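I opened the notebook to look up a few spots in this structure. The entries follow in the sequence I made them.

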Amino acid sequence: ASTWANVPQGPPVCLPIVPIANRSVSCKAILGITEAFKADSFKEKINLGVGAYRDDQGKPYVLPSVRTAEDKVVSQQLNKEYAGITGVPEFTKAAAVLAYGKGSSALDRLVITQSISGTGALRIGGAFIQRFYPGAKKIYIPNPSWANHAAVFKDSGLEVEKYRYYNKDTIGLDFEGMVADIKGAPKGSVFLLHACAHNPTGVDPTVEQWKEISQAVKAGGHYAFFDMAYQGFASGNTDQDAFPVRHFVEQGHNPCLAQSFAKNMGLYGERVGAFSIVCENADEKKRVDSQIKILVRPLYSNPPVHGARIASEILHSPALNEQWLGEVKGMADRIITMRALLKKELESLGSKHDWSHITSQIGMFAYTGLTPEQMEKLAKEHSVYATKDGRISVAGITTGNVKRLAAAIHAVKP
Ligand code: PMP
């Protein structure tokens with residue numbers, strides 16, 4: 001028999017294309033949507049399943065600042081030698097300042113390593129916790145969360161449990177449930193927190209709520225693991241979006257953080273990210289840093305340099321940095337505008353439902369509150385494709401399709 005004769009057929013993996021919202025939406029269903037969208041010959045079909053930014057023409061978008069930075073990098077004719085285990089130092093230094101803020105007390109005691117985008121950062125963090133966390137090797141993630149969270153942390157050897165997050169009745173945050181679950185968890189538990197633009201719900205805590213969350217995490221003697229995959233992409237302002245991380249540091253937490261530059265720089269396929277741990281002091285930093293290197297080396301030796309050089313160029317050049325911040329704001333603003341437009345169109349059609357959650361939610365995705373049946377009708381009768389849990393990618397909405405989208409939603413939920 002062949003060596004691999006006993007390898008069982010696995011289910012399709014659809015994560016890189018469309019992150020799924022929760023278990024009730026199977027991968028098969030997602031692939032089904034993609035297939036159905038492709039097969040649909042209707043010219044005005046709308047795909048709201050994509051997990052990447054699109055411009056107002058519905059096209060993928062390369063930021064002009066990224067083009068300029070890339071040209072600069074190429075023209076420097078740098079060599080292709082390996083980076084160190086923790087990547088391009090100029091990049092990680094700037095990434096740390098972007099996240100924690102200039103002058104943050106965390107910067108001097110920070111261990112940071114470049115990573116294979118946000119996913120790789122989460123994976124390193126999971127592995128580090130599995131190896132060294134003094135408490136239970138378990139991580140609490142929100143319900144729902146980005147579907148890959150559970151997979152990444154399980155593969156890191158951690159147990160995964162959920163804390164309450166989304167309230168489907170209010171289409172908003174279950175703040176009381178969230179805080180109760182944080183307070184109720186065994187002392188010293190690890191909590192994964194989406195720093196901003198929660199995926200898939202688009203529902204974020206307010207500043208006041210973050211302050212209470214920080215207190216609850218502290219009261220429980222818990223450890224905070226931030227995932228910041230959308231810094232700047234939510235509000236349009238990188239400082240504002242980093243508030244939770246910075247607030248936790250100010251309050252005396254020593255969190256760890258996964259950063260991604262996929263969304264805010266549009267560097268998806270370049271795989272640019274960073275993982276960092278705020279340490280207590282210089283001595284701890286030295287020890288943690290040594291172990292991060294020992295952990296990364298057998299995983300992939302060292303990260304790719306090209307994307308990190310582009311990001312570094314943008315973060316270090318004052319002119320390019322300013323341009324980039326404007327472009328991030330441009331993306332965030334387009335999404336915020338599409339939210340408002342969709343709500344307005346629904347209202348002008350005479351919809352008697354409350355659609356305020358569409359504009360109160362933030363980031364790439366919106367939880368519409370539509371039922372699986374209504375979502376199916378949207379696809380079958382209106383050629384509007386998105387996941388059955390009612391999540392739509394606002395990035396897929398354009399001034400050209402929003403009217404038709406609103407009419408379709410109004411038709412399935414009159
Ligand atoms: N965390 C969250 C919440 C995400 O939504 C994503 C991707 N969309 C990631 C992490 C990681 O993405 P990437 O590996 O492309 O940086």
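**Entry on H247.** I began with its contacts. Leaving aside its neighbours within four places in sequence, H247 touches W210, K211 and S214; two residues are in contact if their C-beta atoms, placed from the backbone, lie within 7 Å. I was working on a predicted model, where local features need pLDDT of at least 70, side-chain atom pairs count only at pLDDT 80 or more, and totals for chains, interfaces and linings use all residues. Residues are numbered from 1 along each chain as its sequence is written.

I placed H247 in helix α9 (residues 243-250). Helices are DSSP runs (H or I, at least four residues), as are strands (E, at least two), numbered from the N terminus.

**Entry on I314 and its helix.** I314 is one of the α11 residues, with E313 and L315, that meet L320, N321 and W324 in α12. By class, this contact of α11 with α12 has 4 nonpolar, 1 polar and 1 charged residues. Here Ala, Val, Leu, Ile, Met, Phe, Trp, Tyr, Cys and Pro count as nonpolar, Asp, Glu, Lys and Arg as charged, and the others, Gly among them, as polar.

How do the two helices pack? I noted an angle of about 100° between α11 (residues 306-316) and α12 (residues 318-348), with axes 5 Å apart. Axes are lines fitted to C-alpha atoms, for helices over the stretch in contact, and angles run from 0 to 180 degrees between N-to-C directions. α11 and α12 are therefore roughly perpendicular. Angles of 65 to 115 degrees count as such, under 35 as roughly parallel, over 145 as roughly antiparallel, and the rest as oblique.

**Entry on α4.** I then turned to α4 and α5 (residues 147-155), which pack at about 40° with axes 9 Å apart. They are therefore oblique to each other. T119, L122, R123 and G126 in α4 meet N148, V152 and F153 in α5.

Helix α4 (residues 117-132) gives the largest share of the shell around the ligand, 3 residues. I divided the shell residues into 4 nonpolar, 8 polar and 1 charged.
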